[in-house]
Every structure is written in C-alpha cells, then in structure tokens.
Amino acid sequence: NRPETIHQSKENDHTKITTTKTVLTLEDELKKRAPRVISHMNEDHQDSIKSYALAFGKHPECANTVSAIIESLDTEGFLLEITLKDGTIISNVRVYYEGEISSGNDLHNMAINMHRKAYNKLGVVYKVQNGYYQQVAKMIGFVLYKKVKARPYQFAATILVASTAMLGSFISSRRTPKEGLGSN
C-alpha cells in the first residue's frame with residue numbers, strides 16, 4: 001500500500017497556491033504510530049495487556065497468562081508475547097481489536113475500551129485481585145483534582161456551603177426540644 005498524494009491548487013488575485021497533502025493508508029498510519037503506542041503500553045499498562053490476553057487471546061494457553069507485552073500491532077489487533085505460569089513464553093498471540101479502528105487516533109480509545117471489556121469479562125474477583133477498583137478511584141481522584149485546579153474558588157465555595165449545611169444539621173439534631181413550648 002502506497003500513500004495517496006493529493007494536490008490542491010487555489011488562485012487568489014494573481015497568486016497561485018499549491019499544497020500537497022499525503023494521505024496515509026490505515027496500515028501505514030498504524031506502522032508510524034506503533035513504536036510509541038507499544039512502548040507506552042508495555043511500560044505503563046502491562047495489567048491491561050495481560051487482561052487482553054486472558055479475555056481475548058486466540059491461543060489455548062492464554063488462560064495461564066501471568067504477564068504479557070505487545071510485540072506489534074496492525075489493522076486487526078495486537079500481537080502479544082505472553083508468559084505462562086510455568087515460565088513458558090509464547091510469541092505472536094493474536095488479540096483482535098474489540099471494535100473497528102479507522103485511524104491511528106483510534107488506538108488510544110480502543111486500548112481503554114478493551115481494558116474495560118477485558119476486566120468486565122474476567123469478572124469482579126479478577127478486578128479486586130488485580131487492583132481494578134483502585135485504578136478507578138485514582139482516575140476519579142485525578143479528574144476531581146483537575147476540576148478543583150481549574151476552578152479553586154468555586155470548589156472552596158461548594159465545600160464551605162456543604163460544611164455549613166452539615167454543621168447546621170448536626171447542631172439542630174443535638175438540640176433537645178424545650179418542654180412546655182406554647183404554655184406559660
């Protein structure tokens with residue numbers, strides 16, 4: 001597959017502007033992005049890759065995976081190297097994408113969606129044993145941190161109002177009713 005080249009010409013008041021744009025095929029775009037994606041995933045997201053092997057791996061031994069890395073990727077999915085419980089290493093284990101990709105930009109969202117689908121397929125016990133809920137809590141905390149950082153005064157005002165309401169509720173629940181109200 002060769003990249004397609006598009007030439008565009010535009011004439012404005014005696015000036016001719018010609019631009020050339022190279023349109024990469026999906027295969028070429030993925031080859032270009034693959035080294036960065038593979039490096040990032042292997043360094044920072046081995047838990048996700050292992051879950052891909054366990055949930056979607058197309059090799060009968062995938063159920064015995066203890067670790068996995070991405071060797072390569074293409075238009076169909078990832079090729080993994082998996083390490084089994086007995087130390088055996090198996091290369092070129094195919095894991096198909098769980099959906100379609102139409103550009104290299106889709107890889108990030110595909111990896112996230114596959115992470116979620118894999119953990120859901122593997123179940124609650126696997127999630128607890130492998131820190132899935134801790135990851136979710138960290139993600140929520142990070143999102144909240146970014147929101148607070150973007151609008152610190154709004155956050156402070158919200159905390160102040162909520163604290164005042166809670167304190168008022170606490171104080172009012174501690175008061176004892178006065179006897180004989182309304183009777184003199």
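Colleague: How many bridges join strand 3 to strand 4, and do they run parallel or antiparallel?

Modeller: Two strands pair if DSSP finds at least two bridges between them; strands (E, at least two residues) and helices (H or I, at least four) are DSSP runs, numbered from the N terminus. Here strand 3 (residues 65-73) and strand 4 (residues 77-84) run antiparallel and are joined by seven bridges. Threonine 65 has leucine 84 in strand 4 as its bridge partner, and a hairpin of three residues links strand 3 to strand 4. This is a predicted model, in which local features need pLDDT of at least 70 and side-chain atom pairs pLDDT 80 or more, while totals for chains, interfaces and linings use all residues. Residues are numbered from 1 along each chain as its sequence is written, and side-chain values use heavy atoms, without hydrogens and water.

Colleague: What is the phi of asparagine 92?

Modeller: Most residues other than glycine have a negative phi. Asparagine 92, although not a glycine, has a positive phi of about 60°; its place is in strand 5 (residues 89-96).

Colleague: Is asparagine 92 buried or exposed?

Modeller: Buried means under 20% relative accessible area, exposed over 50%, and partly exposed in between (1.4 Å probe, protein chains only). Asparagine 92 counts as exposed because its relative accessibility is 52%.

Colleague: Where is histidine 108 found?

Modeller: Histidine 108 lies in helix 3 (residues 106-122) and is exposed, at 55% relative accessible area. Its C-alpha atom is separated by 10.0 Å from that of methionine 41, 67 residues apart along the chain.
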